[in-house]
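Here is a short report for a reader meeting this chain for the first time. Please look through the sequence and the model before reading on.

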Amino acid sequence: MHTISLYVRSIVLSALFLLTLPALASQNTVLVVGDSLSAAYGVPSETAWVELLRDRIENQDLNWTVVNASISGETTDGGLRRLPGLLETHDPNIVIIELGGNDGLRGFPPNVIESNLANMIEQVRDTGATPLLVGMQIPPNYGQRYTTMFADIFPTLSDRYNTVLVPFFLDGIYDQDGLMQGDGIHPTEEAQPRLLDNIWPKLEPLLNKQASS
């Protein structure tokens, strides 16, 4: 009798597991590949914009998982080198590329930054995933020519690849009292909802489009 009971229990558990497979298979993934702006630098991790994104997705009953692969100090070169492994491991449907700020602050050549980001966009597209490019600007003390060339990288790539673009991640943040940390580079905890609000209008249509396809 004990053997029969175990056998029946095994069948029931197997059936329940099989029933969960469609739900697991339909789970979509957003991969965030960014720098300190997305890695919760200087703010509690639970209040960072990526965590707020997870909360918003859950509250709206959207069938998405958010994977944050952001690293403080990351450059486009580093992101490019890490990207193949991230794509293979997480098999994302959408990849948010939030890189370039550190390159600009270090004065890297704009053509190199553009080439790295272009390569990332192409790799994402090659897997069938959708890239979302996040634009950045740097302070004017780097000189008008360089700051303009840097800022132009993002709309140029968006036009070339017909890629969804967040024009400027720190829009409505960088010049507002209390929304930037003392270094003048990183947003405060209070700014995190605004970062999400800058991303969301571009991301939400992609989430809904992928979910309905």
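How many helices and how many strands are there in the chain? There are seven helices and five strands. The model is a predicted one. Along the sequence, the elements follow the pattern α-β-α-β-α-β-α-α-β-α-β-α. The chain has 213 residues, and 44% of them are buried. Of the contacts with a separation of 6 or more, 76% are between residues 24 or more positions apart.

## Strands and their partners

Start with strand β1, residues 28–34. This strand runs parallel to strand β2, residues 64–68, and five bridges join the two. One of the paired positions is valine 32, whose bridge partner in β2 is asparagine 68. Helix α2, residues 49–59, belongs with these two strands: β1, α2 and β2 make a β-α-β unit. The unit is right-handed.

β1 also pairs with β3, again in the parallel sense and over five bridges. Here glycine 34 stands opposite glutamate 98 of β3. β3 in turn runs parallel to strand β4, residues 130–134, and four bridges join them. Isoleucine 94 has threonine 130 as its bridge partner in β4.

Is β3 mostly covered or mostly open? β3 is mostly covered, with five of its five residues buried. In a regular strand, side chains alternate between the two faces of the sheet. In β3, Ile94, Ile96 and Glu98 are on one side, while Val95 and Ile97 are on the other. All of these residues are buried, so both faces of the strand are covered.

Aspartate 91 has a positive phi, near 45°. Asparagine 162 has a positive phi of about 50°.

| Residue | Loop | Phi | Relative accessible area |
|---|---|---|---|
| Asparagine 162 | between α6 (144–161) and β5 | about 50° | 68% |

Histidine 186 sits in the loop between β5 (164–166) and α7 (192–212). Is histidine 186 buried or exposed? Histidine 186 is buried, because its relative accessible area is 11%, under the 20% limit. Its side chain makes a polar contact of 2.5 Å with the side chain of aspartate 183. Beyond its neighbours within four places in sequence, histidine 186 is in contact with Ser36, Leu37, Tyr41, Met180 and Gln181.

Asparagine 116 lies in helix α5, residues 110–126. Asparagine 116 counts as buried because its relative accessibility is 11%. Which residue does its side chain join in a polar contact of 3.0 Å? The partner is the side chain of threonine 76. Threonine 76 is also on the contact list of asparagine 116, along with Asp77 and Leu80. That list leaves aside neighbours within four places in sequence.

Valine 164 lies in strand β5. Valine 164 is partly exposed, because its relative accessible area is 28%, which falls between the 20% and 50% limits. How far apart in space are valine 164 and leucine 206, C-alpha to C-alpha? They are 9.1 Å apart, with a sequence separation of 42 residues. Valine 164 touches Leu206, and its other contacts are Pro131, Leu132, Leu133 and Lys202. Residues up to four places away in sequence are not counted there.

## Rings

A search of the whole structure finds four aromatic pairs. A charged side chain also meets a ring. Which residue lies over the face of tryptophan 200? Arginine 56 does, at 5.1 Å from the ring centre.

Terms used. Residues are numbered from 1 along each chain as its sequence is written. This is a predicted model: local features need pLDDT of at least 70, side-chain atom pairs count only at pLDDT 80 or more; totals for chains, interfaces and linings use all residues. Side-chain values use heavy atoms; hydrogens and water are left out. Buried means under 20% relative accessible area, exposed over 50%, partly exposed in between (1.4 Å probe, protein chains only). A polar contact is a pair of N or O atoms within 3.5 Å; within protein, one must be able to donate a hydrogen and the other to accept it, and residues adjacent in sequence count only if both atoms are side-chain atoms. Contact means heavy atoms within 4.5 Å. Two strands pair if DSSP finds at least two bridges between them. A crossover is right-handed if, with the strands pointing away from the viewer, the path from the first strand over the helix to the second runs clockwise. Rings of Phe, Tyr and Trp (its six-membered ring) pair if their centres lie within 6.5 Å; planes under 30 degrees apart count as stacked, over 60 as edge-to-face and the rest as tilted. A charge sits over a ring if NZ of Lys or CZ of Arg is within 6 Å of the ring centre and within 35 degrees of the ring normal.
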